[in-house]
Amino acid sequence: MEDVKLIEKLVVVAETPTIRRRLFLSNIDLTLVTYLETVSFIEKTSNDIDFTDICRSLYRALSRLLVSYDFLAGRADQGENERFEIDCNGAGIVVVAATTSSELSQLGELRGPKPEFKKLVSFLHDEEWTDLELKEKPLLLLQLTRFQCGGLALASLSNHCTLDGVAIRDFIANLASLTRGEDLIIHPNSDRTIFKARNPPRITHPHFEYSRPELSDISFSIRGSTSTTLLIKQPCLLKTTTTTTKLIYLSSDWISNLKTLALKDDELLNCTTFHVLAAKLWKAISIATQLPDECISTVLFPVDIRRKIVPCAPEGFAGNGIIPGFARSNVNRIKTEKFSTLVEEVQKGVERVDDEYVRSGIDWLEVNRGVPCRDNSFSVVVWSRLGLEGEDFGWGRIKFVVPIEVKPGLVFVLPGDKGDQGGINICLELPSAQMEEFYKLMMED
């Protein structure tokens, strides 16, 4: 990609003043006080509007949207007991407009992350950002970059404690609607008190999906300067090991064959694409990363709890309503058990999450102030079902939404080729030799 040039950088605030308040963050939110980078590639659909007008329409829509999403214009700060909350102070979000002489086609495949995508957030990571304390950092920053061909990239740097994937989908749908000159589609409800811990806390289940924090973690209160990253601890991995990020396409036929394998011994009545994929990833990563046979390997996966708690979360819940489910076992069992058994373990990990389990997990976090499990674990991040592709801003339509990078310990599940209904892409980073083994294990019958 050619040099990306800054056109303007500004702070967008709500178009009408909002009431200053302190927003309670749930224990689920507080396991996710970390910034994420994503990019949406947008296909321009109108030649009658120039880039200046596109930017102005985006700024106006964001200004209108921040009236309802006032917390996004706030700042993370510490309240009682040094616990993080959001000061809804109306300070605003940062928005950048930029251009490049490159064509979108020069980037090649846009379905997965690439190092070049870092340039699409280049003006969000300046010296000023580095020097800011967390309480001074905007919770949302956006960079809109126009390519020579007319295509656009809308990249974001956002704090995960504000919204989960489902809530981000609602936010983008609302932003697109306002950009088209229409009204809100979903009215956001940012009240997270439905996920408050019980008093006193009552832990009724073991919670292997979480780990106790280390001094360097940021969660609940400031104890260090780095954010949480899930890692598989690999005893033989040297710091000089070369890593590879790979996008792997899994066809609908591959998924169908995997389901057939899971069901062929009649141990299971049914299974979903997600169940078999998580089980296959669990086995392949556990073996490829050379974990010892006696080691416990854990796969984490998202479980939406909006409809699992009693009463249910309100429509338009704008917060984090997804928790990690898990399956765990020693590596020897993962290697030797029938595939249907591994799939069943994943199913149990989803099924165990009911209202009491959620409440117990929130109480565990209240007592331990933990983070998602990182001991010989990895996390499956599912973006294939968000449905952001096709969202129409009036001047352009989203074609692909991808992470800008994949951090160690994460496996992204991304949409596949529209020509193959049911196919998906997965993307992860591993040391090069382990990636070769992982790919072989994923593709074997």
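## The two domains

Start with the whole chain, which is a predicted model: the C-alpha centres of domain 1 and domain 2 lie 28 Å apart. To colour them, select 4-195 for domain 1 and 236-384 + 406-443 for domain 2. Their contact involves 32 residues from domain 1 and 32 residues from domain 2.

How much area is buried between domain 1 and domain 2? The figure is about 2400 Å², and carbon and sulfur atoms account for 59% of it. Now select Ile28, Arg111 and Phe195, which supply 27% of the area that domain 1 buries against domain 2, more than any other three residues.

## Across the domain boundary

Between domain 1 and domain 2 there are two salt bridges. Select glutamate 366 and arginine 83: these residues form a salt bridge, with the closest N and O atoms 3.5 Å apart. Polar contacts between domain 1 and domain 2 come to 13 residue pairs, both residues at pLDDT 80 or more.

Next, show the side of domain 1 that touches domain 2. Strand S3 (35-44) and helix H3 (165-179) are the elements that give two or more residues to this side. H3 provides the largest share, three residues. By class, this side has 14 nonpolar, ten polar and eight charged residues.

Then go to proline 372 in strand S15 (residues 371-372). Is proline 372 buried or exposed? Its relative accessibility is 13%, so proline 372 counts as buried, the limit being under 20%.

## Salt bridges

The structure holds 28 salt bridges. Select arginine 56 and glutamate 8, a pair whose closest N and O atoms are 2.9 Å apart. This pair links distant parts of the chain, with arginine 56 in helix H1 (residues 51-68) and glutamate 8 in strand S1 (residues 4-12), 48 residues apart. Arginine 56 is partly exposed at 35% relative accessibility, and glutamate 8 is partly exposed at 24%.

Move to arginine 21 and aspartate 70, whose side chains meet in a salt bridge (2.8 Å, N to O). Arginine 21 sits in strand S2 (residues 21-24) and aspartate 70 in the loop between H1 and strand S4 (75-78), so the pair ties together parts that are 49 residues apart in sequence. With a relative accessible area of 30%, arginine 21 is partly exposed, whereas aspartate 70 is buried at 8%.

Now pick arginine 306 and aspartate 164, which also meet in a salt bridge (2.9 Å, N to O). Arginine 306 is in the loop between strand S13 (296-304) and strand S14 (322-330), and aspartate 164 is in the loop between strand S8 (152-159) and H3, 142 residues apart. Both arginine 306 and aspartate 164 are buried. For a network, select Arg20, Arg22, Asp77, Glu85 and Asp87, joined by salt bridges that share partners.

## An exposed loop residue

End at aspartate 266, in the loop between helix H4 (252-263) and helix H5 (273-288). Aspartate 266 counts as exposed because its relative accessibility is 68%, and the limit is over 50%.

Technical notes. Residues are numbered from 1 along each chain as its sequence is written. This is a predicted model: local features need pLDDT of at least 70, side-chain atom pairs count only at pLDDT 80 or more; totals for chains, interfaces and linings use all residues. Side-chain values use heavy atoms; hydrogens and water are left out. Helices (H or I, at least four residues) and strands (E, at least two) are DSSP runs, numbered from the N terminus. Buried means under 20% relative accessible area, exposed over 50%, partly exposed in between (1.4 Å probe, protein chains only). Domain bounds come from an automatic or database domain assignment. Contact means heavy atoms within 4.5 Å. Buried area is the accessible area (1.4 Å probe) that two parts lose on being put together, summed over both. A salt bridge is a side-chain nitrogen of Lys or Arg within 4 Å of a carboxyl oxygen of Asp or Glu. A polar contact is a pair of N or O atoms within 3.5 Å; within protein, one must be able to donate a hydrogen and the other to accept it, and residues adjacent in sequence count only if both atoms are side-chain atoms. Ala, Val, Leu, Ile, Met, Phe, Trp, Tyr, Cys and Pro count as nonpolar, Asp, Glu, Lys and Arg as charged, and the others, Gly among them, as polar.
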